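Q: Hey, I'm new to this one. Can you walk me through it?

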Amino acid sequence: MEMDVVQELQGHSDRVWSVAWRPDSGISGRPSMLASCSGDKTVRIWQCSSSQDLFIQHWSCVAVLDGMHQRTVRSCEWSPDGKLLATASFDGTTAIWENVGGDFECVASLEGHENEVKSVSWNCSGTLLATCGRDKSVWIWELQPGNEFECTSVLHGHSQDVKMVLWHPCEDILVSASYDNSIKAWIEDKDREDWVCAQTLSDSWGHTSTVWTVSFDASGHRLVSCSDDLSLKIWDSHSNLLSEGNLWKHLCTISGYHDRTIFSVHWSKASGLIATGAGDDCIRIFSEESNEKSTLGGDLTYKMVLKKEKAHITDVNCVRWHPQEASLLASAGDDGVVKIWKVAGESLY
Amino acid sequence: MNGSALINANPVVHERKERVTRREVHDSSAEPIDALEVFDHVRDIKDPEHPYSLEQLKVVTEEAITVDDKKSHVMVVFTPTVQHCSMATVIGLCIRVQLMRCLPPRFKIDIKVAPGSHASETAVNKQLNDKERIAAALENPNLSELVEDCLAPASY
């Protein structure tokens with residue numbers, strides 16, 4: 001496999017922490033749109049002017065969302081319908097921006113976390129929002145009519161900062177990753193009308209240092225996590241997700257590839273490939289090993305199919321596959337640059 | 001003890017090492033970076049609670065700095081003056097900020113306390129190397145003011 005830069009998107013004046021594709025990018029001829037957020041306290045919206053050819057330099061910045069956050073914007077995520085963008089900041093707030101005819105207007109500011117908010121995630125129906133942060137808590141917010149957000153639950157359980165929250169792609173299961181080395185899964189207890197921790201992934205198979213990012217495969221049956229312990233772990237759920245005692249079991253650990261902290265991992269919904277971004281400035285791509293043994297239920301393995309050295313001149317903070325176009329990847333780095341990559345090779349077809 | 005409760009009221013002050021004057025190299029990219037150069041960048045950082053430099057308190061030494069220029073890697077191991085030093089994270093932050101400013105961006109910097117030198121060694125080391133914690137700390141006005149104060153040129 002190989003990957004080449006389609007375009008470098010310049011504009012941020014500080015490190016770029018995170019990027020997010022608008023989920024409906026490329027569907028029914030809609031243009032591809034990407035949001036990026038940065039230590040410069042702004043969010044930039046990038047769009048490809050051609051809906052046909054995403055692989056030539058058609059990308060430009062169409063909006064800058066500034067004046068709202070007082071500190072670093074750490075994470076940004078689009079609602080499933082692409083109409084709202086949520087941004088989480090070290091200033092302790094989460095802002096909600098509405099996309100009206102190309103303009104972005106801040107319609108809500110969610111306050112409650114004691115200090116840095118580190119991550120935000122929408123559930124699959126767009127009715128719930130989760131946030132997490134330095135104060136070790138996870139908050140669940142319900143979207144009310146008129147863009148009002150009501151906090152319905154504050155979850156304590158992690159003993160250190162919560163680095164990331166992520167909803168399951170088709171069920172209301174929330175996963176959180178923490179500086180305390182664990183991953184927790186939260187589900188709603190209908191009887192108690194509150195959210196409870198259903199499982200903590202921190203046993204002998206768990207990570208041995210900070211878990212930075214988690215990502216689901218397209219079906220939500222598998223979860224991949226990446227850590228400061230230089231490994232990736234794949235977690236598998238049984239088909240009857242909620243009736244089993246445990247939601248996930250450890251399937252395999254991918255180690256020996258990364259030289260420094262793995263900050264980002266993303267599972268492509270379009271191709272099934274896993275991309276990582278790390279503190280060693282590399283982007284790596286992993287593919288499930290298709291051999292007889294794995295189809296018979298034996299040890300499943302993932303092999304590295306690509307290593308892009310010096311993908312950025314400094315740490316790679318985030319990698320995200322395009323939601324529809326299997327060969328398009330976006331990355332963000334400490335160099336303040338967002339890059340659009342074309343990935344090519346037989347694993348994609 | 002006077003009004004402000006110092007964590008280490010009576011630090012041992014050591015002699016400073018002689019400064020080596022090196023010939024000027026105009027093409028900086030040609031000269032590999034070594035431990036002495038890194039030490040020169042951090043030796044004059046002021047201790048957060050004493051009017052002495054980190055060198056004078058033997059918090060940093062040239063011997064405890066490892067540089068691999070080819071791999072663009074720097075490791076600084078420092079020794080807090082007392083086992084329960086709550087300033088250890090601030091000292092580590094000062095060293096990192098100084099090196100981020102002085103070294104080319106290709107360098108990866110790891111900062112740790114010396115083994116056995118701190119009661120919460122593992123926790124301190126983890127915090128010192130978490131880039132998100134570092135970024136957030138530097139956006140905290142009180143903390144960044146303290147760091148700037150320690151990095152300001154001073155004559156001891």
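A: One case is Glu77(A) with Arg320(A), where the closest N and O atoms are 2.8 Å apart. As for the ground rules, this is a predicted model in which local features need pLDDT of at least 70 and side-chain atom pairs count only at pLDDT 80 or more, while totals for chains, interfaces and linings use all residues. Residues are numbered from 1 along each chain as its sequence is written, chains are lettered from A and ligands numbered from 1 in the order in which they are written, and side-chain values use heavy atoms, with hydrogens and water left out.

Q: Where do Glu77(A) and Arg320(A) lie?

A: Glu77(A) is in strand 6 (residues 73-78) of chain A and Arg320(A) is in strand 26 (residues 316-321) of chain A, so their pairing ties together parts 243 residues apart in sequence. Strands here are DSSP runs (E, at least two residues), numbered from the N terminus.

Q: Is Glu77(A) buried or exposed?

A: Glu77(A) counts as buried, at 17% relative accessibility, and Arg320(A) counts as buried too, at 14%. Buried means under 20% relative accessible area, exposed over 50%, and partly exposed in between (1.4 Å probe, protein chains only).

Q: How many salt bridges over all chains?

A: The structure holds 29. One of them joins the side chains of Glu8(A) and Lys339(A), at 3.7 Å from N to O. Glu8(A) sits in strand 1 (residues 2-9) of chain A and Lys339(A) in strand 28 (residues 338-344) of chain A, so this pair ties together parts 331 residues apart in sequence. Glu8(A) is partly exposed at 38% relative accessible area, while Lys339(A) is buried at 8%.

Q: OK, new topic. How many residues does each chain put into the contact between A and B?

A: Chain A gives 27 residues and chain B gives 17, with contact meaning heavy atoms within 4.5 Å. The area buried between the two chains is about 1,700 Å², and carbon and sulfur atoms give 43% of that. Buried area is the accessible area (1.4 Å probe) that two parts lose on being put together, summed over both.

Q: Which three residues of chain A supply more of its buried area than any other three?

A: Arg71(A), Tyr179(A) and Arg260(A), which supply 36% of what chain A buries against chain B.

Q: And how many salt bridges between chain A and chain B?

A: There are 10. One has the side chains of Asp281(A) and Lys108(B) meeting at 2.5 Å, N to O. That pair crosses from the loop between strand 23 (274-278) and strand 24 (283-288) of chain A to strand 3 (residues 108-113) of chain B. Both Asp281(A) and Lys108(B) are buried. Another pairs Lys131(B) with Asp334(A), at 3.0 Å from N to O.

Q: Which residues are linked with those in a network?

A: The salt-bridge network links Arg15(A), Asp281(A), Lys310(A), Asp315(A), Asp334(A), Lys108(B) and Lys131(B).

Q: Last one: where is His113(A) found?

A: His113(A) is in the loop between strand 9 (103-111) and strand 10 (117-122) of chain A, and counts as buried at 8% relative accessibility. The His113(A) side chain makes polar contacts with the side chains of Thr131(A), at 2.9 Å, and Asp135(A), at 3.1 Å. A polar contact is a pair of N or O atoms within 3.5 Å; within protein, one must be able to donate a hydrogen and the other to accept it, and residues adjacent in sequence count only if both atoms are side-chain atoms.

How values were computed
A salt bridge is a side-chain nitrogen of Lys or Arg within 4 Å of a carboxyl oxygen of Asp or Glu. Helices (H or I, at least four residues) and strands (E, at least two) are DSSP runs, numbered from the N terminus.
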